[in-house]
Amino acid sequence: MTGFRRFKTVALMVVAVALWQGARHPAWGEPAGAAKASHGTTCDRAAFRLVVDVGHTAETPGAMSARGVPEFAFNLRLATLVERQLIDAGFARTILLVTEGAAMPGLARRVARANRSHADLLLSIHHDSVPDAMLEDWNYDGVPHHFSDRFKGHSIFISYDNPDRKGSLLFAKLLGDALKSRDLQYTPHYTEKIMGHRRRELVDAEAGVYRYDKLIVLRATRMPAVLLEAGSIINRDEELLLGTAEQQALISAAVIEAVESFCRARQPRSSVRVARPNPVTLPADPGNRQ
Ligand SMILES: [Zn+2]
């Protein structure tokens with residue numbers, strides 16, 4: 001999330017860039033020769049196009065973890081895994097969206113690139129923190145850092161201003177259910193008064209789906225769009241958990257299950273060949289996070 005205290009950690013940025021460069025697939029573009037075979041009964045995986053958006057940028061990396069790792073590094077690692085596993089599962093048109101630069105111009109570029117892709121779905125991957133007022137001090141590895149062990153768990157956001165609200169809500173519910181079926185608990189704290197202007201309406205208490213209309217990446221994209229906060233990296237235990245391959249695999253498996261279900265429920269655009277007019281007007285929202 002933006003608006004939280006940030007620290008520049010050059011070495012960690014290098015790690016983030018290395019992770020990005022190590023991704024198996026190009027950061028942007030279509031894979032050549034998409035597979036023809038359809039793996040599902042009614043889901044045309046080869047035609048379905050999902051944008052996996054890496055939240056924030058290397059230059060403006062979002063929140064800082066309890067141990068001083070920028071959120072962007074967590075987002076890039078998980079999104080890259082999700083992209084790879086979707087392609088392995090036959091969703092050959094999956095696109096990993098990595099944006100560069102400052103926050104607001106980066107947001108505009110992010111949305112423009114997503115819209116140009118004519119995707120069937122966008123999933124933006126983030127990791128959570130807390131408002132600055134909740135931060136506590138500690139030392140890790142001899143270096144002072146901030147933490148808050150108050151909240152843990154993932155959360156899912158949609159915007160009712162997205163031109164496909166039903167589709168956004170459908171995927172959000174499917175994702176929440178898939179996470180829940182793997183014993184992953186969402187955090188209910190966004191409904192609490194202490195969250196102030198960050199308080200959100202919980203629109204699905206089973207799946208853990210919140211409404212956040214003003215989020216640009218959700219409201220200005222012309223396809224169903226969902227933002228996943230995969231967990232809290234300001235929570236010291238959860239930061240460690242989110243760093244494990246097991247936890248990343250669990251979250252990634254839930255995403256893939258939800259994408260498969262969504263694809264079955266809604267045919268890919270390129271299969272039905274229907275252009276959906278979705279006019280969007282976009283005021284600047286500098287007060288909102290990416
Ligand atoms: Zn974020």
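The chain folds into eight helices and nine strands, where helices (H or I, at least four residues) and strands (E, at least two) are DSSP runs numbered from the N terminus. This is a predicted model: local features need pLDDT of at least 70, side-chain atom pairs count only at pLDDT 80 or more, and totals for chains, interfaces and linings use all residues. Residues are numbered from 1 along each chain as its sequence is written.

**Chain totals**
- Of the 290 residues in the chain, 48% are buried; buried is 20 or more other C-beta atoms within 10 Å of the residue's own, exposed is 12 or fewer, partly exposed is in between, and C-beta atoms are placed from the backbone.
- Among contacts between residues at least 6 apart in sequence, 78% join residues at least 24 apart, a contact being two C-beta atoms, placed from the backbone, within 7 Å.

**Glu83**
- Helix H2 (residues 71-88) contains Glu83.
- Glu83 counts as buried because 26 other C-beta atoms lie within 10 Å.
- Leu50 is 33 residues from Glu83 in sequence, and their C-alpha atoms are 9.0 Å apart.

**Helix H3**
- H3 (residues 103-116) has 14 residues and reaches 20 Å from its first C-alpha to its last, close to the 20 Å expected at 1.5 Å a residue; the expected span is 1.5 Å times one less than the number of residues.
- Leu107, Arg110, Val111 and Ala114 are the buried residues listed for H3.
- Seen down the axis of H3, its buried residues fall within an arc of 90°, so they line one face of the helix; the arc is that of the directions from the helix axis to the C-beta atoms.
- Ala112 and Arg116 are exposed on the other side of H3.
- The cover over the buried residues of H3 includes strands S1 (50-54), S2 (95-97) and S3 (121-128) and helix H5 (216-219).
- After H3 comes His118, with a positive phi near 50°.
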